[in-house]
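Please examine the sequence and the structure shown below.

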Amino acid sequence: MATVNLLEYLRSRTQVDIDTYDIEASKEIGPFQDATGNQFEIQAEIVKPNRSAVLKRSLELATTIHPQFATITLEELAVEVAGIELALEVIQTVHGNVHVMINPSYSYNTEAIVANAQRFHLICQIIDPGFDKSRLVTKVPATWEGMKAAHQLKRSGIKTLATTLFSMEQAILAGEAGCISISPFLHELKTETYEGYKDTNPILGVCVQAQQFYRQNSLPTRLKACVALNLDELIMLAGVDALTISPKFLRLLAATERSREEVESMSLFARTANATEAVNYPSYIDSESQYRVHFAASEGGKAQFKTAQAIALFCDAQTAAELYVKSQLEDSSYTPINL
């Protein structure tokens, strides 16, 4: 019976991206098209002893440029600089884009999200004036306010990805807002941050529906599914535009062989490849009230709950990163850099 390596099989049907700012992990398992990270990744990297140089550069640069961004605290700016520093490192190991998430505490503030994304681009320009900023994608929470911000940012040429997404309503709004991609979370984010926590309502079906919707409506938005909990879920999504996968699962995929017949029979996308009947969905971009009512009811109210929960967890990671940075600023003297 013919067998296939699971990582090679996925790569033959789906774009495989790495979910980490750990440059060594990316080099080890690559190559990848895109890389992504978030506040958990920033927090995990800046406390590593072998990342002390990145942290030192970030604190010194943040101290230097803080007068330009006086509306935010020095520690918040330092976390943003660290995120960009890490992103500019890991992008050297991929062919395409790198993704950086806005401060999740701005998830319900359109103006603050826009300013945060613009700040990312300015920080990139300061760190590396030659960097092609079209390769930087800003991850924006899939709230109403976040998608209105994404709509504004598109007009100014800043690419966005809709994150913390759990429903078709969010997918439709993100496509209409002009996000270049969305990241449906297959499970609640809490399943990754709390050992033993179970999500009994994964949204693999939403990935299939959203991809069909974009293609049937000629929208360029692409899917980047994430937060899979096992190899079976990843194989079931063979055929999705992209999968964002942690180093742990990438290594497991690379070490696993299965029957070709078995894995090909598991794909949800293979079953719908020839679907031609379009499903009619309402437009939301100019109808906030309708969107909010439909989203509140989506998945029996679970989608709204999961989104709020994910944002809260990302806010916890943001706070932890800022507290660590603040402790480093207080323990040492960082002198401004001559730019």
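What covers the buried residues of helix 7? The cover includes helix 6 (110-127), strand 5 (136-141), strand 6 (159-165), helix 8 (168-177) and helix 15 (288-297). The model is predicted, so local features need pLDDT of at least 70 and side-chain atom pairs count only at pLDDT 80 or more, whereas totals for chains, interfaces and linings use all residues. Residues are numbered from 1 along each chain as its sequence is written, and side-chain values use heavy atoms, with hydrogens and water left out.

**Helix 7**

- Helices (H or I, at least four residues) and strands (E, at least two) are DSSP runs, numbered from the N terminus.
- Helix 7 comprises the 12 residues 144-155, which at 1.5 Å a residue should span 16 Å; the 17 Å between its end C-alpha atoms agrees with this. The expected span is 1.5 Å times one less than the number of residues.
- The buried residues of helix 7 are W144, E145, G146, M147, A149, A150 and L153. Buried means under 20% relative accessible area, exposed over 50%, and partly exposed in between (1.4 Å probe, protein chains only).
- After helix 7 comes G157, with a positive phi near 85°.

**Helix 8 and helix 15**

- Two packed helices are described by the angle between their axes and the distance between the axes.
- The axes of helix 8 and helix 15 come within 9 Å and cross at roughly 145°. Axes are lines fitted to C-alpha atoms, for helices over the stretch in contact, and angles run from 0 to 180 degrees between N-to-C directions.
- Helix 8 contributes E169, Q170 and L173 to the contact (heavy atoms within 4.5 Å), and helix 15 contributes Y291, H294 and F295.

**Residue T244**

- T244 lies in strand 9 (residues 242-245) and is buried, with a relative accessible area of 10%.
- Leaving aside residues up to four places away in sequence, T244 touches D17, I18, D19, T36, K224, A225 and C226.

**The whole protein**

- The protein has 16 helices and 10 strands.
- Buried residues make up 57% of the 339 residues.
- Of the contacts with a separation of 6 or more, 70% are between residues 24 or more positions apart.
- The C-alpha atoms fill a box of roughly 60 × 50 × 40 Å, taken along the principal axes.
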